[in-house]
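I opened my notebook and looked things up one at a time. Here is what I wrote down, roughly in the order I went.

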Amino acid sequence: MTDTIDEPQQSISKEAVKIWRLTAFLNQIPLLAIAGGMIYASDRFGWVEWIGMILYILLALILLRAIYKIFIYPVYLQKTWRYDITDQQIQLKYGALEKTFVLVPMTKVQYVNTNQGPLLRRYGLLNLAIGTMASTHEIPALPEKEAIEIRTRIASQANIKDSDE
Amino acid sequence: MSEMGNRIDNQNEIKYKVDAPKRMSRWWVFFLIIKSFRSIIIPLVITIFANGWEDFDFLTLLVIGIILFILFRTILAFLSWWNFKYVFTDDELQITEGRFVKQQRSISLDRIQSIQQNTTIFHRLFKLTTLSFQTAAQGDESTHKLEMVSIKEANRIKDHINDVKEKDRQEIEEEAEGEFTLAPSKHYEMSPKDIFFATLTSVSLFAIIPVMLTVINQVDDFLNLEKYSKALLNALENSMFIIAVLGVFLFILAIPIGFLTMYFRYGHYRVTSDEKRIYIKKGILNQTEFTISKEKVNGIVFKKTFIRRWFGLVEVDLVSTGELEQDKVETDLLFPFIGEKRARLLIPEILPSFTTGLTKEKLPKKSLLIKLIRPSYLWMISTGALLYFWIDFWFISLILFVLIVLLRIMSYVQSYHGLENPFIELQSGMFSIERFATKHRKIDMIAMKESWLQRRFGLVTLIVSVRSKPVHHATITDIPKEAAMRYYQWYGKR
């Protein structure tokens with residue numbers, strides 16, 4: 001057993017960027033549509049003037065956020081996502097602006113699940129969800145082989161039943 | 001109901017012979033009918049008031065409706081009662097129930113993590129009580145209730161479950177000699193003086209004033225006091241002094257009301273424990289007894305509210321994996337209010353496996369700096385709105401600013417953390433202080449969050465999560481990264 005616990009090193013698939021971009025795009029579109037619709041309504045139905053102003057500001061904010069989430073965020077998130085799984089514990093480190101470090105001892109792990117939406121499936125990736133009694137943590141966008149290997153390793157070490165979703 | 005259970009226990013053997021499953025007490029039917037009234041009482045009252053007393057036809061219709069309703073509910077209640085049966089064996093509790101469709105569930109006794117006993121006035125009249133069994137499962141599956149059993153039967157059931165658990169533990173631990181559970185020792189009994197003091201220091205005291213004002217208002221509408229009070233009101237409006245006096249008067253009146261409420265909730269509050277379990281009993285009209293296994297306690301929380309802090313009163317909660325559903329009384333409460341010194345003496349007695357009051361480390365000066373520097377969106381938005389809409393009240397923005405600064409300073413001063421293997425303690429808070437104590441092996445997860453601003457200062461936010469329902473996260477913000485890493489590393493090693 002090493003004296004200190006090192007920072008996690010393993011990274012996740014680069015394809016995650018493309019997938020997250022697409023998902024963010026799909027998420028932001030309805031918001032933009034609603035904001036745009038409300039501005040149109042405010043114009044057409046002659047709502048009080050300052051509502052229109054606020055709506056414009058909102059639209060600008062939503063647009064900025066959409067650009068950030070679609071173009072900038074996925075790149076940094078993928079670059080900074082790290083995980084490490086040893087016999088003793090599981091470590092996660094993620095986040096660009098706000099970094100999060102998580103440590104979960106192997107003995108506390110209750111279940112390991114994988115999930116895979118259509119987008120992930122296309123690239124052969126899985127999200128791995130590791131759950132304790134207290135919380136669940138997800139390692140996103142792992143290559144299928146790696147994900148299953150990790151899942152089996154954790155399952156045998158933590159002695160738990162695992163399930164596929 | 002025939003009681004055909006026999007119980008013989010020797011040191012190592014348990015025989016609980018049950019020849020027939022048992023039903024709830026007969027009074028349960030009555031109770032269910034009354035309970036069903038609760039759902040229609042409000043629409044009923046409204047319809048009566050809406051249609052007036054005079055309409056005879058309407059009244060007859062109403063009475064017929066009510067009678068049919070009672071008839072209907074009686075049949076349903078009777079069916080519920082007839083079909084609800086329970087059996088305790090050496091390993092499990094089996095319940096069959098269902099008015100029309102028969103359902104069965106079996107609960108393995110070793111899954112039961114805690115038992116709560118609840119006795120309302122209604123129950124007490126007939127020497128009955130309610131038993132709730134809490135398991136580790138989530139949601140609907142988690143609690144199983146026996147809604148109306150005799151107190152004698154309840155005690156018998158509790159003893160049986162405890163015996164079974166003893167036996168299991170003995171088998172696991174392979175102890176040669178029988179293990180004696182010490183007789184419960186009484187740790188704490190709340191006195192009326194405690195309750196009075198707590199009432200005085202309770203914030204909800206102030207909340208009673210608007211309630212009373214509403215009551216006065218209602219009475220006014222009803223009795224048409226306005227004629228008499230017009231003169232009084234005029235006099236009032238013209239004198240701030242009288243308003244102040246009235247305020248004080250209402251406040252003083254609120255005290256006995258608050259006291260009575262507290263007394264009914266916490267009267268006869270008693271904490272006892274034996275080697276394995278803690279028993280908390282409370283309530284006057286509605287008595288509740290909560291049992292929790294000491295093993296299941298994952299952490300202790302000390303809460304000091306704003307006012308109570310100055311009087312040295314704390315609230316002590318237990319974080320455990322045996323919590324009951326939210327609609328019941330606060331069951332994770334150990335002491336609702338107790339002197340701090342007394343708590344420090346009692347906790348080691350009740351939970352000898354926990355050490356609290358560890359050497360505390362304060363936050364460095366740079367934490368104060370970051371807390372003050374952090375922009376307050378609340379302040380910015382309120383000031384913006386204030387200046388735009390109510391510019392006459394601009395000084396409120398200033399007051400708000402000073403308030404926020406003060407709160408942040410308090411948050412800095414009141415944050416502590418400490419580690420004395422295997423115990424860890426975190427304290428933080430602004431208005432009220434919360435201190436959380438736990439052990440290494442009870443911690444489920446440790447996380448650190450580092451915002452952009454914190455990165456510049458070398459600070460992080462530390463989160464320690466402990467298993468419970470719901471999960472308990474103890475947080476301390478703006479703690480030096482080296483300190484947090486120390487805890488992180490400490491946790492990672494076994």
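How many bridges join strand 22 of chain B to strand 23 of chain B? I counted 7, and the two strands run antiparallel. A reminder to myself before going on: this is a predicted model.

**Entry 1: around strand 22**

I picked one pair to look at, and found B:V466 opposite B:H472 in strand 23 of chain B. Then I checked the other neighbour. Strand 21 of chain B is joined to strand 22 of chain B by 6 bridges, again antiparallel.

Next I asked myself how many residues of strand 22 (residues 459-466) of chain B are buried. The result is 8 of the 8, so the strand is largely enclosed by the rest of the structure. For my own use I noted that buried means under 20% relative accessible area.

I also wanted to see both faces. In a regular strand the side chains alternate between the two faces of the sheet. On one side of strand 22 of chain B I listed B:L459, B:T461, B:I463 and B:S465, and on the other B:V460, B:L462, B:V464 and B:V466; all of them are buried, so both faces are covered.

**Entry 2: where the chains touch**

I moved on to chain A. I found 23 residues of chain B in contact with 25 residues of chain A. About 2300 Å² is buried between the two chains, with carbon and sulfur atoms giving 56% of that area. Which elements of chain B give two or more residues to the side touching chain A? They are strand 21 (443-450), helix 14 (452-457) and helix 15 (481-492). Strand 21 of chain B gives the largest share, 8 residues. I sorted the residues on this side of chain B into 10 nonpolar, 3 polar and 10 charged.

With charged residues on my list, I looked for salt bridges between chain B and chain A, and the rule finds 0. Polar contacts do show up: 9 residue pairs, both residues at pLDDT 80 or more.

One spot I marked is A:K99, which stands opposite B:E450.

**Entry 3: another sheet in chain B**

I traced an open sheet of 7 strands in chain B, in the order 16-15-14-20-19-18-17, with antiparallel pairing. Its edge strands are strand 16 (333-339) and strand 17 (361-362), each pairing on one side only. Inside this sheet I looked at strand 19 (residues 423-428) and strand 20 (residues 433-439) of chain B, which 6 bridges join. B:E425 has B:A437 as its bridge partner there.

**Entry 4: two positive phi angles**

A:A141 is not a glycine, yet its phi is positive, about 50 degrees. I placed it in strand 7 (residues 136-143) of chain A. Is A:A141 buried or exposed? It is buried, at a relative accessible area of 2%.

B:K127 is not a glycine either, and its phi is about 60 degrees. I found B:K127 in the loop between helix 3 (121-125) and strand 8 (128-135) of chain B. B:K127 counts as exposed, at 63% relative accessibility.

**Entry 5: chain B overall**

Last, some totals. Chain B has 15 helices and 23 strands. Of its 494 residues, 44% count as buried.

Methods: Residues are numbered from 1 along each chain as its sequence is written. Chains are lettered from A and ligands numbered from 1 in the order in which they are written. This is a predicted model: local features need pLDDT of at least 70, side-chain atom pairs count only at pLDDT 80 or more; totals for chains, interfaces and linings use all residues. Side-chain values use heavy atoms; hydrogens and water are left out. Contact means heavy atoms within 4.5 Å. Buried area is the accessible area (1.4 Å probe) that two parts lose on being put together, summed over both. A salt bridge is a side-chain nitrogen of Lys or Arg within 4 Å of a carboxyl oxygen of Asp or Glu. A polar contact is a pair of N or O atoms within 3.5 Å; within protein, one must be able to donate a hydrogen and the other to accept it, and residues adjacent in sequence count only if both atoms are side-chain atoms. Helices (H or I, at least four residues) and strands (E, at least two) are DSSP runs, numbered from the N terminus. Ala, Val, Leu, Ile, Met, Phe, Trp, Tyr, Cys and Pro count as nonpolar, Asp, Glu, Lys and Arg as charged, and the others, Gly among them, as polar. Two strands pair if DSSP finds at least two bridges between them. Buried means under 20% relative accessible area, exposed over 50%, partly exposed in between (1.4 Å probe, protein chains only).
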